[in-house]
Amino acid sequence: MVLYTTPYPSACLHFLDGLSWSLVFPCYWLLDRLLASCVATSLEKRRRSQDPCSFLTLCVVVSVPLYLLFFLLSLPFGLLGFLLWAPLQAVRQPYLYTYSRSAEQGTAGPGGARTAEWRPQGRSFCFCSANVCLLPDSLARFNNLSDTQSRAREVGRRIRNGASRPQIKIYIDSPTNTSISAASFSSLAAGFRRTSSLDQRPEPTHITNGPTDTEAEPPGTECPVHPSDAADCPVHHSHSVDQGSPDCPLHSEGADSSTPCPLHSAGGDGGSDCPVHSAGGTSHCAVHSSGGAQGSPGHHDCPMHGEGAPVKPSSDCPLHTSGVQISISAPEPDPPDDEGDAEVGNHRGQDGVGDTGSMGESFTRYHAGGDAGGAGMYSNNTLSHVPRTSIFKRPGGRKRRHGDDGFDHDISAFFPANLDFLALQEVFDHGSTTRLRQQLHRYFPYVLSDVGRYGWKGCCSSFKFLNSGLMLASRYPILDARFQCYPNGRGEDALAAKGALFAKVQVGTSHQDQRVVGYLTSTHLHAIEGDASVRCEQLDLLLQWGAEFRQSSFRSGEGEKVLEDLVAFDVVLGDLNFDNCSSEDKLEQQHALFTQYKDPCRLGPGEDKPWALGTLLDPSGLYDEEANSPESLQKVMENEEARKEYLVFPPSKAQSHGGGGGQKGRKIPLKGNGRRIDYILYSDEGLQPDWKLDIEEFSFVTQLAGLTDHISVAARLAVSTGEEEP
């Protein structure tokens with residue numbers, strides 16, 4: 001179980017690689033710019049048509065001869081560098097493993113999870129797969145995309161901003177109370193502002209939060225008890241806050257409400273003296289402080305019940321609304337740019353140094369009534385210390401349309417909060433890989449990149465000009481990894497080292513010191529239409545290689561003490577380049593992969609669930625105003641008629657066979673919800689006895705709108721052990 005932290009086994013080879021690439025790069029860059037100048041995106045064509053002086057067209061006319069001239073001048077040096085570079089690829093490592101500085105020091109870092117003792121009640125994990133189309137700029141333009149390296153940086157920024165936003169959930173426990181009062185909801189909403197999914201960043205107010213620093217908004221008048229509208233205050237309803245009332249347990253009749261109020265003792269301004277906004281209250285909620293479970297009898301510092309009083313489920317307490325639970329969790333904020341970009345090339349902690357606690361489903365709950373709170377988990381963030389963000393309203397597309405689903409599904413403008421594992425495809429461009437990895441390391445401590453070898457060595461005799469394009473990011477320590485290249489690529493697909501990346505991650509430790517692990521498989525299959533047999537052969541190899549990888553890395557320990565790992569999940573993510581509804585893909589739809597792994601969006605071969613959505617976008621509509629932002633694309637995808645203009649649909653006999661572009665303006669009725677070629681599959685085989693793996697929610701994510709021609713997919717899986725927490 002050796003993880004490769006450098007691209008070459010020796011520093012000398014690494015130096016020769018850098019020298020050869022310095023000779024190749026000028027020629028490569030000029031050729032890329034020359035070809036890119038000849039292929040314009042729809043956005044560039046629109047700008048040129050709106051240019052009255054034809055300045056943009058003139059720039060192209062002038063630049064093309066210059067690119068050609070300098071390319072010819074650099075060609076001899078490029079050929080010399082290529083002759084030195086190509087043989088070196090035979091000894092290049094199949095992938096590069098990097099981890100952030102916080103992982104080296106054994107801390108969780110901004111988004112990192114810690115390996116802790118495995119809880120008896122189990123845990124849930126969030127997975128995401130995205131095809132980001134980071135090809136060299138000249139090739140990306142055939143998909144109507146440009147500026148690859150700029151897109152790479154923006155892709156990474158949006159992913160980490162979406163994944164690091166606070167996770168807010170509101171639960172209704174009472175069967176008779178199925179709504180949240182306006183006063184209660186406004187008190188929560190007062191502390192948050194609506195922000196775009198393009199920049200979900202906390203404002204830079206700095207608060208020291210225990211051993212770490214947290215960015216938060218000064219509470220001010222945004223106390224959840226005293227919202228900006230005094231009439232809506234759940235404590236002082238129908239009365240002015242300043243005058244008090246006989247019904248107010250905090251302000252007696254005729255008394256000045258500002259001074260004796262236990263919530264705002266310093267003049268009622270919600271400052272640092274407010275017990276709801278206590279400076280040190282990161283782990284002690286003013287409503288549910290230490291000493292009692294949430295909503296269960298115990299002692300706490302609730303200003304309504306007094307110090308040491310038991311928390312009794314009662315409708316009389318305006319702070320403990322019966323049956324309403326509000327859960328908030330948020331990872332630590334991003335580190336400074338220089339620290340976030342730091343990558344360490346020496347792997348330590350393969351046995352899980354540090355602590356992998358829960359995946360972020362820790363809650364701070366405000367409720368009274370029922371015993372449900374007793375089983376809750378606790379967060380280090382009270383409401384006042386959560387970075388300002390939007391309260392994520394589930395869109396109208398979030399419906400349980402199929403009675404047998406048993407899980408939530410939606411179309412989201414954000415990547416899931418507390419994302420644990422991310423699999424990316426088509427990260428081909430070398431410079432884009434570096435920029436994207438730097439962005440991801442600000443949230444994910446562990447990253448596998450530069451996957452696949454160039455050159456002749458590998459799976460077949462054809463020369464590989466591109467690597468596999470796979471990238472895998474994890475919040476949990478990676479114990480082992482392996483890459484296998486598919487040997488049967490054809491046509492232009494044979495120029496890339498497409499294959500499967502297998503990884504083993506540690507997510508916890510049992511009471512018997514056994515490692516609790518999970519297996520991840522990321523892949524990108526053959527893309528050329530009509531080559532169903534090629535994809536089926538690749539799926540056969542995928543299952544075979546996966547079984548061999550799990551078998552070879554199943555045990556841990558040294559000497560006489562050899563312990564079997566406890567397997568929590570086995571997940572396959574990637575772009576499979578076939579859908580479950582096209583008649584041309586019947587062979588792949590019936591593959592054994594779908595007997596060993598479950599597809600949450602699939603009813604059976606050739607039939608998806610009604611809510612399943614296509615993930616391949618029509619390139620011609622990427623820059624339309626109706627679909628060029630996460631929110632606008634989300635709205636389009638929620639409309640069954642509007643989405644037909646922007647999704648690629650399975651070809652029919654009445655339609656021309658081909659790439660799938662040019663959907664707009666078709667007169668032929670389009671059935672279904674588009675081509676769903678991006679998958680998240682999971683298997684409950686091979687888990688421990690009595691352990692169960694279920695899906696909690698599935699999302700189609702539009703946060704990369706305008707940056708790629710794919711819609712991302714995300715799923716949250718729950719691992720239950722069948723045991724009860726002591």
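The questions below concern a predicted model of one chain.

Me: How many helices and strands does the chain have?
Reply: Of the 726 residues in this predicted chain, 56% count as buried. Among contacts between residues at least 6 apart in sequence, 75% join residues at least 24 apart. The chain has 13 helices and 22 strands.

Me: How many residues of strand β9 are buried?
Reply: Strand β9 spans residues 421-427. A residue counts as buried when its relative accessible area is under 20%. By that cut-off β9 is mostly covered, and the buried count is seven of its seven residues.

Me: Do β2 and β9 run parallel or antiparallel?
Reply: Strand β2 covers residues 123-134 and is joined to β9 by six bridges. In this pairing, L134 stands opposite V427 of β9. The two strands run parallel.

Me: Which residue of β11 stands opposite L424?
Reply: Strand β11 takes in residues 471-474. Four bridges pair this strand with β9 in the antiparallel sense. The residue of β11 opposite L424 is M471.

Me: Which residue has a side-chain oxygen that reaches the backbone nitrogen of G431 at the start of α9?
Reply: Helix α9 consists of residues 430-440, and G431 is among its buried residues. The backbone nitrogen of G431 has a side-chain oxygen within 3.4 Å. That oxygen belongs to D429.

Me: Are α6 and α9 roughly parallel or roughly antiparallel to each other?
Reply: Helix α6 (residues 148-163) packs against α9 at an angle of about 20°, with the axes 8 Å apart. Angles under 35 degrees count as roughly parallel. The two helices are therefore roughly parallel.

Me: What is the handedness of the crossing of α6 and α9, and which residues of α9 make the contact?
Reply: The crossing is right-handed. On the α6 side the contact is made by T148, Q149, A152, R153, V155, G156, R157, I159 and R160. On the α9 side the residues are G431, S432, R435, L436, Q439 and L440.

Me: Is G686 buried or exposed?
Reply: G686 lies in the loop between β20 (678-683) and β21 (692-701). Its relative accessible area is 56%, and the cut-off for exposed is over 50%. G686 is therefore exposed.

Me: What distance separates the C-alpha atoms of G686 and R550?
Reply: G686 and R550 are 136 residues apart along the chain. In the model, their C-alpha atoms are separated by 9.9 Å.

Technical notes
Residues numbered from 1 in each chain as written. Predicted model: local features only at pLDDT ≥ 70, side-chain atom pairs only at ≥ 80, totals over all residues. Heavy atoms only, no water. Buried < 20%, exposed > 50% of the residue type's maximum accessible area, 1.4 Å probe, protein only. Polar contact = N/O pair within 3.5 Å; in protein donor to acceptor, adjacent residues only side chain to side chain. Pairing = 2+ DSSP bridges. Axes fitted to C-alpha atoms, helices over the stretch in contact; angles between N-to-C directions. Parallel < 35°, antiparallel > 145°, perpendicular 65-115°, else oblique. Left-handed = near helix turned anticlockwise from the far one by under 90°. Contact = heavy atoms within 4.5 Å.
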